[in-house]
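Student: I have a structure open and want to go through a few parts of it. Can we start with the annotation?
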Amino acid sequence: MGARRGSAPVSGPGSDAAASAATTERARTDWRRGQARARYGGRQEAVAAVGQGSGGGAASLGRCEPGGPRLGRGRVQAEAMGDRSGAGGSRRRRTGSRPSSQSGSGFAAAEEEVRDVGAGGDAPTPDKDKDGHDDVSSGHWDLRCHRLQDSLFSSDSGFSNYRGILNWCVVMLVLSNARLFLENLIKYGILVDPIQVVSLFLKDPYSWPALCLVIVANVFAVTAFQVEKRLAVGALTEQAGLLIHVANLATILCFPAAVAFLLESITPVGSLLALMVYAILFLKLFSYRDVNLWCRERRATAKAKAASAGKKANGGAAQHSVSYPDNLTYRDLYYFLLAPTLCYELNFPRSPRIRKRFLLRRLLEMLFLIQLQVGLIQQWMVPTIQNSMKPFKDMDYSRIIERLLKLAVPNHLIWLIFFYWLFHSCLNAVAELMQFGDREFYRDWWNSESVTYFWQNWNIPVHKWCLRHFYKPMLRRGSSKWVARMGVFLASAFFHEYLVSIPLRMFRLWAFTGMMAQVSTPGPPPCPSPSACPEPGPWSRRPADHPHVPRSRWLG
């Protein structure tokens with residue numbers, strides 16, 4: 001580049017075409033450099049010139065601007081120059097072009113400024129192709145490859161996608177548990193025995209005490225129903241009805257406990273299942289009595305207002321709703337007793353149909369997961385518990401800790417499987433069969449940041465019952481939040497101990513102490529406004545809570 005002025009031009013059409021092509025390629029290269037400099041804040045404009053052949057005309061080249069080249073637009077007029085066939089360096093500054101005295105075969109050149117990119121300063125980066133990658137054909141300008149940035153694990157980086165690490169941890173967990181399971185098989189062999197499971201429920205094949213207890217529970221449900229029927233028509237006073245209800249509920253808790261504790265033929269597992277049925281019946285009948293009482297109070301205080309509000313809100317759906325005392329039927333009672341909820345309502349949200357495929361999946365999950373739990377208990381936990389007896393007798397604390405840590409892995413795994421089996425598979429199967437619409441049996445307890453959040457989200461039916469029938473009534477009676485919270489934990493601790501001590505026939509208060517140790521944790525959040533915490537009862541539930549149910553269905 002930069003040929004001398006005194007050189008004689010080479011004539012001939014072939015040489016002119018070759019020279020013109022070479023000059024055009026140099027102009028394109030200069031344009032790319034100028035575009036890169038202009039993009040990264042260059043202060044001077046890079047100008048390139050394109051020569052013309054031996055025809056003698058002058059070619060024009062536009063300036064290289066950030067918007068791109070403008071060739072043949074006449075913004076920068078290039079003058080005819082002399083022969084540029086010399087071997088001048090492309091990295092030195094060239095200025096001042098003059099018209100050549102040689103006509104007919106002159107070449108075009110333009111004024112340009114080229115800085116030495118190797119000497120320092122900001123080096124331009126290559127252009128991007130249409131896919132966003134570096135265009136390797138645009139030149140050797142990738143001299144700058146660093147920028148100001150933090151490491152991904154630094155808190156200032158803002159990086160939060162650790163899904164790959166989570167998947168890696170899952171793989172490691174699977175591999176470690178697979179090793180433990182293989183070690184267990186090598187050491188003990190196959191211990192799974194489905195026939196042995198039957199002995200957990202029955203000692204004598206001709207004696208079924210747990211099943212008999214479950215059947216007898218119908219007597220207490222019918223007693224509560226008959227009391228409510230007579231209270232609705234005024235055949236009993238409220239004081240007499242309350243006395244009968246208290247006696248009935250107390251018998252529900254004491255009768256199965258006495259049978260399980262005194263009867264030798266009942267097994268611990270059978271006793272546990274029977275006591276769970278009676279505990280659920282206690283909570284359901286408690287809610288049944290409360291809701292019907294609220295309906296009677298509303299009917300007595302605002303019967304005319306409730307009737308007018310029902311006419312306005314019912315519309316076309318009035319014929320589908322049930323109001324008090326029309327709800328006092330055996331059909332309504334047993335629907336509530338079998339429904340997967342502990343809180344009674346006059347009109348439950350209902351699903352439109354039974355989804356057979358959904359129901360079949362839940363039933364298959366129930367069958368598979370219960371077998372998996374039994375197999376893990378027999379194969380994994382029972383041998384470990386048997387081997388833990390000696391360290392506990394000798395009070396060998398290091399061995400005790402080692403055995404507890406060894407039990408922690410299968411215990412967590414079985415607990416997670418049990419949670420999914422009960423709260424998702426079983427309750428959804430029952431809800432689908434009964435077309436029960438409210439399927440919120442659990443929330444995201446696995447994201448718990450506190451003990452309070454865990455207890456409020458892992459068992460929604462129990463949480464709703466405690467909030468509706470225990471916590472809020474105590475607050476309305478003037479109790480402080482701490483006292484109401486203490487009452488909720490006392491009730492929860494009692495039922496935990498009730499379900500552990502009586503089937504095992506050992507009263508150590510371990511479950512009770514474990515629950516009461518959490519009293520210091522915050523209770524349910526306070527109500528932000530009176531509208532957010534309405535008075536209890538089916539008439540005061542906000543329609544927003546059940547958008548698909550008309551408000552008339554909550555009226556008594």
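Tutor: One definition before that: UniProt positions are given in the numbering used here, and annotations may be inferred rather than shown by experiment. Also, this is a predicted model.

Student: Fine. Where does UniProt place the "active site"?
Tutor: The UniProt record, an unreviewed entry, puts that feature at His496.

Student: Which helix is His496 in?
Tutor: His496 is part of helix α13, which covers residues 481–504.

Student: What does His496 touch, apart from its neighbours within four places in sequence?
Tutor: Ala511 and Met515 are in contact with His496.

Student: Switching topic. How many disulfides are there?
Tutor: The count is zero, where a pair of cysteine sulfur atoms would have to lie within 2.5 Å.

Student: How accessible are Cys212 and Cys254?
Tutor: Cys212 is partly exposed at 45% relative accessible area, while Cys254 counts as exposed at 52%.

Student: Now the helices. At what angle do α5 and α6 pack?
Tutor: About 170°, with the axes 9 Å apart; α5 spans residues 238–262 and α6 spans residues 268–301. Angles over 145 degrees count as roughly antiparallel, so α5 and α6 are roughly antiparallel to each other.

Student: Which residues meet there?
Tutor: On the α5 side they include Leu242, Leu249 and Phe255, and on the α6 side Leu275, Phe282 and Arg289 are among them. By class, the contact of α5 with α6 has 15 nonpolar, three polar and three charged residues.

Notes: Residues numbered from 1 in each chain as written. Predicted model: local features only at pLDDT ≥ 70, side-chain atom pairs only at ≥ 80, totals over all residues. Heavy atoms only, no water. Buried < 20%, exposed > 50% of the residue type's maximum accessible area, 1.4 Å probe, protein only. Helix = DSSP H or I, 4+ residues; strand = E, 2+ residues; numbered from the N terminus. Contact = heavy atoms within 4.5 Å. Axes fitted to C-alpha atoms, helices over the stretch in contact; angles between N-to-C directions. Parallel < 35°, antiparallel > 145°, perpendicular 65-115°, else oblique. Nonpolar A, V, L, I, M, F, W, Y, C, P; charged D, E, K, R; others polar.
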